[in-house]
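The sequence and the structure come first.

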Amino acid sequence: LVEKLIETFKLDKGSWVLDPFCGGGTTLLACKELGINSTGFDILPFSVFLSNVKVRTYDPRKLRQQLENFGKAKGRIPKGASLPDVVIANKAFNEDVERELLRLKYKINAIRNPKMRDFYMLGLLSILESVSNTSKSGGFLRITPRKVSGKDVLPKYLARIEAMISDVEKFNDTLKFPKTKTAAELSDSRQFSVPRKFDAIITSP
């Protein structure tokens, strides 16, 4: 749909698109593929995080080098580390699963490169439901006991990161406009001011 709208609006390389409710970054990613500069706004920090991780350009070789560190020593858990004291979180994870999630989180936080750290953190966030005792039900989470143990966490995580790196490789192979400017910002679209003009507004509120 975004590609069709870009064609309809007769946008071309170097044009600027604004998505005032960028959500998961679909518009921004499509624009980057077509060489269209884009800016996205969202009021939710996670949406901004997700969009920016998806639209960044990565070196898959460096991502794989970092992946090797996760297959080595387990790593320690900081003293006193725990998940947020939220009722649903306390019920969501078995004790050994929680321990392995915290171990992975600690290793991710030790990654010095902030963009790579975000990439690996998104991988961790994306497996949470599969290792939890929850499932999505409309806009809520429902407690659904599963037979998941701590030993399942690392293999699931490594498989997810491997899939994400493969996606990066495929995306890079087809990327024709690497210098396209694409980013999401934390902002309320009802109250924003930008110094530039945009050629089109494309969104899916």
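## Basis and overall fold

Helices (H or I, at least four residues) and strands (E, at least two) are DSSP runs, numbered from the N terminus. By this assignment the protein has eight helices and six strands. Their order along the sequence is α-β-α-β-α-α-α-α-α-β-β-α-β-β.

The model is predicted: local features need pLDDT of at least 70, side-chain atom pairs count only at pLDDT 80 or more, and totals for chains, interfaces and linings use all residues. Residues are numbered from 1 along each chain as its sequence is written, and side-chain values use heavy atoms, with hydrogens and water left out.

Along the principal axes, the C-alpha atoms fill a box of roughly 55 × 35 × 25 Å. Buried means under 20% relative accessible area, exposed over 50%, and partly exposed in between, with a 1.4 Å probe and protein chains only. Of the 205 residues, 40% count as buried. Contact means heavy atoms within 4.5 Å. Among contacts with a separation of 6 or more, 72% are between residues 24 or more positions apart.

## Nonpolar cores

A nonpolar core is a set of buried Ala, Val, Leu, Ile, Met, Phe, Trp, Tyr and Cys residues joined through side-chain atoms within 4.5 Å. The largest one holds 29 residues, and Leu63, Phe119, Tyr120, Leu124, Tyr157 and Ile161 touch the most other members. Helices α3 (45-55), α4, α6, α7 and α8 each supply at least two residues of this core. Its largest share, seven residues, comes from α7.

A second, separate core has nine residues, including Ile6, Val17, Cys31 and Ile36. Beyond its neighbours within four places in sequence, Ile161 is in contact with Leu67, Phe119, Tyr120 and Gly123.

## Helices α4 and α8

Axes are lines fitted to C-alpha atoms, for helices over the stretch in contact, and angles run from 0 to 180 degrees between N-to-C directions. The axes of α4 (residues 60-70) and α8 (residues 153-174) come within 10 Å and cross at roughly 175°. Angles under 35 degrees count as roughly parallel, over 145 as roughly antiparallel, 65 to 115 as roughly perpendicular and the rest as oblique. The pair is therefore roughly antiparallel.

On the α4 side, Pro60, Leu63, Arg64, Leu67 and Phe70 take part; their partners in α8 include Leu154, Tyr157, Leu158, Ile161 and Ile165. The residues of this contact divide into ten nonpolar, two polar and three charged. Here Ala, Val, Leu, Ile, Met, Phe, Trp, Tyr, Cys and Pro count as nonpolar, Asp, Glu, Lys and Arg as charged, and the others, Gly among them, as polar.

## Helix α6

The expected span of a helix is 1.5 Å times one less than its number of residues. For the 15 residues of α6 (residues 95-109) this gives 21 Å, which agrees with end C-alpha atoms 21 Å apart. Buried residues in α6 are Val97, Glu100, Leu101, Leu102, Arg103, Leu104, Lys107 and Ile108. The elements that cover them include α4, α7 (114-127) and α8.

Gln66 lies in helix α4 and counts as buried because its relative accessibility is 17%. Leaving aside neighbours within four places in sequence, Gln66 is in contact with Ile111, Met116 and Tyr120.

Cys22 sits in the loop between β1 (16-19) and α2 (26-33). With a relative accessible area of 5%, Cys22 is buried. Cys22 and Gly40 are 18 residues apart in sequence, while their C-alpha atoms are 5.1 Å apart. Neighbours within four places in sequence aside, the contacts of Cys22 are Leu28, Gly40, Phe41, Asp42, Ser51 and Ala184.
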